[in-house]
Amino acid sequence: MRFQLVRYFTATSLVAFIIVAVVLGYAYREVSTRRLVELQEANHVTLTRQFANTLWAGTFAPHVEATANLSKDALAQAAVDASLDAKILGLMRGTSTFKVKVFDLAGRTVYSSERKQIGEDKRANAGFRSARSGSPSSELTHRDSFSAFEGVVEDRDLISSYVPVAGPGGRIEGVFEIYSDVTPFLDAIERTQWQVVGLVVILLGALYGALYLIVRRADGILRRQEAEQEQAQQRVAQSEKMAGLGQMVAGVAHQLNTPIAFMKSNTGMMIEGLQQLDVPVRVGRGLIGIARQATTDDVQVGLGALRPWAATNTAPVPAITDLKQMAEDMLGGLDQMSELVVNLREFTRLDRSRIASFDLNRGLRNVIYIARSSMPTGVTVVEDLEPLPSIACNPSQLNQVFLNLVNNAAQAIEGTGTVVVRSRREAGGLRVDVEDDGRGIPAEVRERIFEPYFTTRGGAGGTGLGLSIARDIVEAHGGRITVTSVPGQTVFTVSLPLPARAAEPAPGVGEAVPAGA
Amino acid sequence: MTAVRPRVLCVDDDPGIVRSLTWLLRQEFDVVTTTDPTAAVALATRERFDVVVSDQRMPVMTGVEVLRRIREAAPAAMRILLTGYSELDAIFGSINDGEVFRFVTKPWDNDELRRIVRLAASAGRAAVPDDAASRPAAVRDDRRPRILLVDDSVRTYDLVREAAGDRATVTHARNLREAIGVLESDDVAVMVTEAGIGEMDAARMINLLKRERPGLVTVVITEARDADLVIRLINHGQIYRFVPKPVRAGLLRLSIEAALARHRQLERNPALVSRHAVEPLGADSRWGVGQVPAMAPAGLAVAREPPRAGRPVSLLRRWLGW
């Protein structure tokens, strides 16, 4: 399965873009909100200072003192000076402040612009404790409904700050809690956030578009290169096949040439001979006619025209036995030629279905016949075939494998030597050995020998694909191809598995036949 | 021709072929056949044959090997290689090792094969190499023989000079015109030539030259691994050695040494040149060259004359229109 570059690129990009947009939007919102809270806290500090400056000493301090000993309920009942409300309202009018609370140091709510909260104990509140110890603290909250100065408001975002009030000398005397409405700010932030996200999405979209074009182009180039490589590979495989075919054809041509040579020569001589026989046959026929009509053993024949002929035609009259022998040789030549044709047809098996139940020995004998025709002088092939059960296989492909192995074996022999083709039945399968007594294969070559394009015949023929293809074919048959080699003995072994219910061996084959003839 | 019929030995692993050869040749020759190359060598060593016809592709031994062994054991026999397999190595081998007289391809033409065997038999009978002549050291010649190199490459010139050493003088001709000049002005023992000199077909060039300078021993250097060219170089040019390019110094030296030795043999026994006889080529008559007499039969009349300087190289000049 090939790598879907564009598809993966798109998916990864989209996921990355979504993450980037979300993170950016979130980060913007976080930063902005924090900044808003900080700003608002600073406002609250300022506001508190204003309250403190204008109201603390004169209004709240005495109030705190006066209520110091009241219980919670009493505190809640204690009347609040209406002028205080008015003053605070005056200070807050026009700001975004919704509510103001004042706590004494014990955490009791001594004042709240929401009257019913007066008396609440905020001692345990983290914001109060922080402010009590000197540092203001703020938090952003959302309230579905909130009672502000000017009545109940709904669906508001609020920032509430606890701010310490420092008396003269810096001593903390109380704590203010101020609520401000930041809904419009948050809305603005949200709007900007969406704008940021939108912008980012547009930019990333543009980036994706540009990258997509680049990637698609790259993908196109890769696909083309892949296709080209595949084509090149096919061409090389094809040329390997053609080289093998060429060798085979050369061998076959030679094999055909021998009978053609003597058949042509014999034909010429027979025509010559028959021409020379013309007169003698006519003479003989005449004599037979005479003999038929003769009434006695002795007949007088006039040689007449025959004498000048005999005087000029001194070439020996060809013997009928010779002419017959010539014709018989020609018949033998025709047999040689048709044997070759049968073997060729058997070898290619183009007229058969691709997968067939096949007796490997038949293929091996056929391969050896074909290989012999192009084999160097001095190489003897010995068949050592044991009866084998037929197996379901692609005969044409296996023939190609065995021809390759036999040809390689023959080429490994310098001068004279022997190639043994052995077939054996083994536990669970069949084994075919192609053994030669040639120069052997060095270990470093042996390791790489089945690799595609690995060749030791640099340049001088051989694509380096023969054994690689052989291995592919054998493995496609569920088998294995192995090699062992020492100088003087190299064995390529093809092991093929046998299906559980194997046919019985074909009878009457398998005796070892030396193959010199 | 003597009254005794020439003896011909035919070797081919196919019985059909040897029977055909027997029927074909027995009217004129005493034909002995075998399908076993080893037996053929033994036969040729034991008995005298005028001509040996051998197939190239046989089990155990190639035809070139058979002919090489027979050449060593019985140099008098003329050698013809018969093959249906245009294997280049076989062809090179047939020149350099087998020193064959002709190369005949299967299937052959009956009349042509009979004619070639007849030609070989008469050429072989005309002069028999004696043992003394085969030994190069027997006679010491004071004159340094001349090697003519016809090639436009300086590198080849250096290689040839190196190969010749002090055994011979090397004259370098860059083209055919220069070469003809040298051949007409000097005694040339050995000609070393590149196969492609200008546009001229090397086989025809050598054929035209050899018909007037039959004693000229030729070594051909060629890049073209063209089997057909090499076959014609043997059959029409009777070249003595063939050196494939890129030239290996060792092979070139061996070839030049062998050519010089052959030249000395021919000097001592000029009749031997008939063993390298060539015949006029078919198209010669169209060019007005074929009428040159003294070629028939088999160029033996001219062949008896030792190569001498001063005579014009007229056939080649006429062919070239110079």
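This is a predicted model: local features need pLDDT of at least 70, side-chain atom pairs count only at pLDDT 80 or more; totals for chains, interfaces and linings use all residues.
**Chain B as a whole**

Let us step back to the chain that holds this pair. Chain B contains 13 helices and 10 strands. Of its 322 residues, 57% are buried. If we take the contacts in chain B with a separation of 6 or more, 69% of them are between residues 24 or more positions apart. The accessible surface of the chain amounts to about 13000 Å², and carbon and sulfur atoms account for 51% of that.

R7(B) places its charged end over the ring of F49(B), 4.5 Å from the centre. Likewise, R241(B) lies over the face of Y240(B), with 4.5 Å to the ring centre.

**Where the chains meet**

What does the contact between the chains take from each side? Chain B gives 23 residues and chain A gives 26 residues. Together the chains bury about 2100 Å², with 51% of this area coming from carbon and sulfur atoms. Three salt bridges are counted between chain B and chain A. D322(A) and R26(B) also meet in a salt bridge, at 2.4 Å from N to O.

**Salt bridges side by side**

Side chains of opposite charge can pair when their charged atoms come close. Over all chains, the structure holds 47 salt bridges. Here are some of them:

| Salt bridge | N to O distance |
|---|---|
| D322(A) and R26(B) | 2.4 Å |
| R431(A) and E426(A) | 2.8 Å |
| R171(A) and E173(A) | 3.6 Å |

E173(A), at 18%, counts as buried.

E426(A), the partner of R431(A), is partly exposed at 33% relative accessibility. Both residues belong to a network of salt bridges that links D384(A), E386(A), R422(A), R424(A), E426(A), R431(A), D433(A) and E435(A).

**Aromatic rings in chain A**

Across all chains, a search of the structure finds six aromatic pairs. One of these is formed by F9(A) and Y208(A), which are stacked with 5.5 Å between centres and 10° between planes. Why does this pair tie together parts that are 199 residues apart in sequence? F9(A) lies in helix α1 (residues 5-67) of chain A and Y208(A) in helix α5 (residues 183-293) of chain A, so the pair ties those two parts together. F9(A) and Y208(A) are both buried. Ring pairs also bring in F17(A) and Y212(A), which are linked with F9(A) and Y208(A) into a cluster.

Note on methods:
Residues are numbered from 1 along each chain as its sequence is written. Chains are lettered from A and ligands numbered from 1 in the order in which they are written. Side-chain values use heavy atoms; hydrogens and water are left out. Rings of Phe, Tyr and Trp (its six-membered ring) pair if their centres lie within 6.5 Å; planes under 30 degrees apart count as stacked, over 60 as edge-to-face and the rest as tilted. Helices (H or I, at least four residues) and strands (E, at least two) are DSSP runs, numbered from the N terminus. Buried means under 20% relative accessible area, exposed over 50%, partly exposed in between (1.4 Å probe, protein chains only). A charge sits over a ring if NZ of Lys or CZ of Arg is within 6 Å of the ring centre and within 35 degrees of the ring normal. Contact means heavy atoms within 4.5 Å. Accessible areas come from the Shrake-Rupley method with a 1.4 Å probe; for residues, only the protein chains shown count as cover. Buried area is the accessible area (1.4 Å probe) that two parts lose on being put together, summed over both. A salt bridge is a side-chain nitrogen of Lys or Arg within 4 Å of a carboxyl oxygen of Asp or Glu.
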